[in-house]
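Please load the model in your viewer and keep a selection panel open beside it.

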Amino acid sequence: MEPITFKQCFKGAWRDGFNALRQRPWLCLAIAVVFLVTSGLSVSLDQLARTASQVGEPALYRLRIALMSFGVFFVNVVAFSVLVIHVFRYTILGPDAARQGRWYGRDLWRYLWTSTQVFVGFATVWLIVGVGAMLALRATGHGNSYAGLATFCVLLICTVLYVLTRVSLIFAQIGAGRSKRWRAAWKDSRGHFWTMFGTTIGTVLPLMIAGIVATALFTALLRVAPAAKSVALGTLVLQTVMSVAWIAVSTGSAAWLYRRFANQLLTLDDAPDDV
């Protein structure tokens, strides 16, 4: 646990994030190519799925499209995780450890498994609470109340953001190759939600603004020339560049927050996972 200010976190996240990209350029370039290809495939598969639904293609054909879409999504998630782990290693452990670390192996699978646990946990709770809320609204005669549904969705999203922020230190812990300890991550983030959330938003805000402006520009170009392949390709390239930059900066920010708030996570480093 280090006394780090917002300014140090902001500058450190941008500096370490892009330094991590420059340290292993071929790995980062390969991941960028994967993002570019999967983005193009996702658009094509989505168009195929819509056409198949409209034309009434057999269920087996649509199932194949769905399986291919899932495969593309999985490849994208793996590439995302590889880059995240590399930035975590660089920022937390230093350039030498990041250079010597393998892009595949135990840390990658632990990171993917943890992400799956978080996703399944949130999806399960969302489903249970959502069904319960719908039944409760119908029982009270407010089943068609859009205001009630909107309020419920907002509260649920806020809850998800709160819990995700509170457990976010666990991802940096795994990225650094250390023991996965849920309880310690929850305790270390206690009382620091607004600091962690605000620091993350403030750090990536310049990228968010740049992405919105660039997206609006390319959207306008697509409306003017919808058949222009160069514009469509430019949109995919822009999406890829922004994705890589966002991963680098946001992961760098998460790593600096880990350096600031990790306390119990740093004890008993050789403890088993899921403690």
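Which helix gives the most to the lining of the largest cavity? Select helix 3, residues 59–93, which gives the most, with four residues; helices here are DSSP runs of H or I with at least four residues, strands are runs of E with at least two, and both are numbered from the N terminus.

Before going further, note that this is a predicted model, in which local features need pLDDT of at least 70 and side-chain atom pairs count only at pLDDT 80 or more, whereas totals for chains, interfaces and linings use all residues. Residues are numbered from 1 along each chain as its sequence is written, and side-chain values use heavy atoms, with hydrogens and water left out.

Now zoom out to the whole chain, whose secondary structure comes to 10 helices and zero strands, and whose C-alpha atoms fill a box of roughly 60 × 55 × 35 Å along the principal axes.

**The cavity**

Next, select R24, L27, V82, I85, H86, R89, A98, R102 and W103, the residues that line the largest cavity. On a 1 Å grid over the protein atoms alone, a cavity is a set of points where a 1.4 Å probe fits but cannot get out, while a pocket is an open set with protein on both sides within 12 Å along at least five of seven lines; lining residues have an atom within 4 Å of a point. A search of the whole structure finds one cavity of 30 Å³ or more, and about 40 Å³ of space lies in the largest cavity, a volume being the space filled by probe spheres set on grid points joined across faces, edges and corners. Colouring by class shows five nonpolar, one polar and three charged residues in this lining, where Ala, Val, Leu, Ile, Met, Phe, Trp, Tyr, Cys and Pro count as nonpolar, Asp, Glu, Lys and Arg as charged, and the others, Gly among them, as polar.

**The pocket**

Move on to F80, Y111, L164, F171 and W246, which lie nearest the centre of the largest pocket among its 34 lining residues. About 1,300 Å³ of space lies in the largest pocket, and its lining divides into 25 nonpolar, nine polar and no charged residues. Helix 3 gives the largest share of this lining, eight residues.

**Helix 3 and its partners**

To view the contact (heavy atoms within 4.5 Å), select D16, G17, N19, A20, L21 and Q23 in helix 1 with L83, H86, V87, Y90 and T91 in helix 3.
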